[in-house]
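The following exercises are to be worked with the sequence and the coordinates at hand. Each task is followed by a solution in steps.

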Amino acid sequence: MPTPAQIQFDEIDLDAVAEAVGRVVIFVGDDAKLDAGARKVNTLTRKTVDRFVQSDGFEKMAVGDVKQLGYPSGLTAMGVIVAKLPRRPSASDARKAGAEIAKLRADDDLLVLAGAIARAEEIALGLALRGYNFDVHKTDEPKPKPATRFMVTKPEEIAKAAAPMAAVAEGVFFTRNLTSEPANVLTTDDFAARLAGMQELGLDVEILEEDALEKLGMRTLLSVGQGSVSPSKVVVMSWNGGGHEAPFALVGKGVVFDTGGISLKPAAGMENMTMDMGGAGVVAGVMRTLALRKAKANVVGLVGLVENMPSGSATRPGDVVKSMKGDTIEIINTDAEGRLVLADVMWYAQERFKPVGMINLATLTGAILVALGHENAGVFSNSDELSDAFIKAAKTEGEGAWRMPMDPAYDKLLKSRIADVKNVGGRNAGSITAAKFLQRFVNDDLPWCHLDIAGVASTSSATGFAPAGATGWGVMALNRLIADEYEG
Ligand code: BES
Ligand code: MN
Ligand code: ZN
């Protein structure tokens with residue numbers, strides 16, 4: 001599986017620059033003043049750097065942009081990457097520069113001369129995140145992993161600051177790997193096995209199989225998976241780094257493939273529904289990051305893993321099912337399946353763990369794409385405090401999140417003639433009625449957010465920190481929320 005670049009932080013040794021292979025990276029601020037590393041490259045290349053930083057081309061670059069000077073004479077390296085960055089960059093500019101460097105490096109070794117620049121660890125994170133490439137199903141001869149070496153003034157200090165960032169990159173890659181994987185590979189069994197593999201990091205991982213779910217009364221979740229040959233499961237991951245306090249709960253929709261069921265989706269674009277487990281993927285990625293950085297918090301992550309297929313045993317439109325909570329649901333459209341999965345898992349999470357707060361993530365509605373596109377996830381919440389804290393964390397991490405309304409007036413759209421509620425509310429306000437459906441399964445006094453990530457989990461063109469495909473959106477925001485609000 002793709003793993004983030006392992007970055008080495010070394011003492012400065014400018015004598016090694018001339019013979020470095022691959023690409024050499026230097027940083028120059030708006031003032032065009034060269035630091036010692038840039039001066040060394042400038043001398044070796046007979047003032048090529050000077051000529052560049054005095055050009056229009058350099059002046060037009062924005063902070064965080066990069067340009068490559070190809071095949072410079074005087075160096076063994078095939079390129080010098082010049083990143084425009086002040087000595088004390090903001091975290092987001094530093095990350096951006098790292099991501100831009102990753103785009104230019106191809107598969108080559110990098111020597112990053114970061115002796116004079118602050119936030120080298122943020123540059124490293126951007127570099128790692130943007131270096132993603134899901135190539136596991138390509139049969140080309142695998143290339144050896146290139147080396148990434150930073151030269152810095154205080155290697156131990158930087159390495160220490162970079163460790164939690166490496167844990168973030170690992171979590172994001174884990175989410176992207178899950179979200180990218182096709183559904184014939186990432187079956188519910190395979191998904192559960194990959195989560196069980198995280199026990200070696202110190203997470204508790206428990207897998208509830210169909211008989212156990214049946215006993216718990218999770219009929220709405222089971223009704224989604226009953227048309228598939230893959231067994232439905234709920235996986236519970238616990239990270240206990242915070243003593244005896246009640247945990248924070250994360251809940252993810254893990255539909256490994258969504259055909260729509262008997263309410264079958266049209267063929268065009270249906271292949272994208274391999275990513276319909278993206279919410280569960282984010283929960284898994286966050287748990288991985290928390291474990292890797294040994295977070296001082298208690299967090300439980302629960303995912304409902306099902307496949308939504310049409311078959312002789314599939315749920316029909318018109319069927320009425322009973323949830324674990326006890327409410328009955330008239331299933332009008334079997335393609336509105338994510339909310340059915342979440343209803344039972346969220347109820348179970350509250351009953352079992354009595355969490356202090358809960359956030360669920362789901363690729364829940366196409367309507368959120370209509371509303372917010374690929375730039376922002378929809379945030380639906382019963383708590384100003386929790387949603388404000390989440391949106392703040394997301395903003396800090398550069399992950400778009402926008403609060404949506406959920407007034408009681410929308411509830412009437414879900415009234416059923418024969419059951420307590422129906423599973424769809426019609427064309428209007430589709431993301432909101434989905435959120436209102438979920439809210440029925442949340443205790444009023446529990447601070448809760450629902451994140452509709454259908455637009456942000458995967459994109460058809462590259463974003464700042466990810467190539468086209470799975471983004472891992474939300475891992476960084478949730479990790480920061482836990483760090484800022486729930487760690488002592
Ligand atoms: N998984 C889909 C939502 C989705 C759409 C995710 C596009 C990612 C990209 C969800 O299960 C679904 O099918 N929702 C329906 C709900 C409708 C039947 C009320 C939708 O959005 O069309
Ligand atoms: Mn669906
Ligand atoms: Zn779905």
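Is Glu 337 buried or exposed, and what is its relative accessible area? Glu 337 is buried, because its relative accessible area is 1%; buried means under 20%, exposed over 50% and partly exposed in between, with a 1.4 Å probe and protein chains only.

This is a predicted model, in which local features need pLDDT of at least 70 and side-chain atom pairs count only at pLDDT 80 or more, while totals for chains, interfaces and linings use all residues. Residues are numbered from 1 along each chain as its sequence is written, chains are lettered from A and ligands numbered from 1 in the order in which they are written, and side-chain values use heavy atoms, with hydrogens and water left out.

**Exercise 1. Identify the donors of the zinc ion (ligand 3) and assign the geometry.**

Step 1. Donors are N, O and S atoms within 2.8 Å of the metal (3.2 Å for Na, K and Ca); water is not among the atoms, so sites may look incomplete.
Step 2. The protein supplies Lys 253 (NZ), Asp 258 (OD), Asp 276 (OD) and Glu 337 (OE), at 2.0 to 2.4 Å from the zinc ion (ligand 3). Their spacing in sequence is K-x4-D-x17-D-x60-E.
Step 3. Four donors count as tetrahedral if all angles lie between 85 and 135 degrees; four count as square planar and six as octahedral if opposite donors are over 155 degrees apart and all others between 65 and 115; anything else is irregular.
Step 4. The 6 donor atoms around the zinc ion (ligand 3) subtend angles of 78 to 173°, and the arrangement is therefore octahedral.

**Exercise 2. Treat the manganese ion (ligand 2) likewise, and state which residue bridges it and the zinc ion (ligand 3).**

Step 1. Asp 258 (OD), Asp 335 (O), Asp 335 (OD) and Glu 337 (OE) coordinate the manganese ion (ligand 2) at 2.0 to 2.2 Å. The sequence pattern of these donor residues is D-x76-D-x1-E.
Step 2. Angles of 71 to 167° among the 6 donor atoms make the arrangement around the manganese ion (ligand 2) irregular.
Step 3. The bridging residue is Asp 258, and the two ions lie 3.2 Å apart.
Step 4. Asp 258 lies in strand E9 (residues 248-258) and Glu 337 in the loop between strand E12 (328-330) and helix H11 (338-353), so the pair ties together parts that are 79 residues apart in sequence. Helices (H or I, at least four residues) and strands (E, at least two) are DSSP runs, numbered from the N terminus.
Step 5. Asp 258 has a relative accessible area of 3% and is therefore buried.

**Exercise 3. Describe the surroundings of Met 275.**

Step 1. Met 275 is located in the loop between E9 and helix H10 (278-292).
Step 2. With a relative accessible area of 11%, Met 275 is buried.
Step 3. Beyond neighbours within four places in sequence, Met 275 is in contact (heavy atoms within 4.5 Å) with Thr 179, Thr 363, Ala 454, Ala 457 and Ser 458.

**Exercise 4. Compare the span of helix H4 (residues 91-104) with expectation.**

Step 1. The expected span is 1.5 Å times one less than the number of residues.
Step 2. For the 14 residues of H4 this should give 20 Å; the end C-alpha atoms are 21 Å apart, which agrees.
Step 3. Buried residues of H4 include Arg 95, Glu 100 and Ile 101. The elements against which the buried residues of H4 pack include strand E2 (23-28) and helix H15 (475-486).
Step 4. Ala 106, which follows H4, has a positive phi, near 55°.
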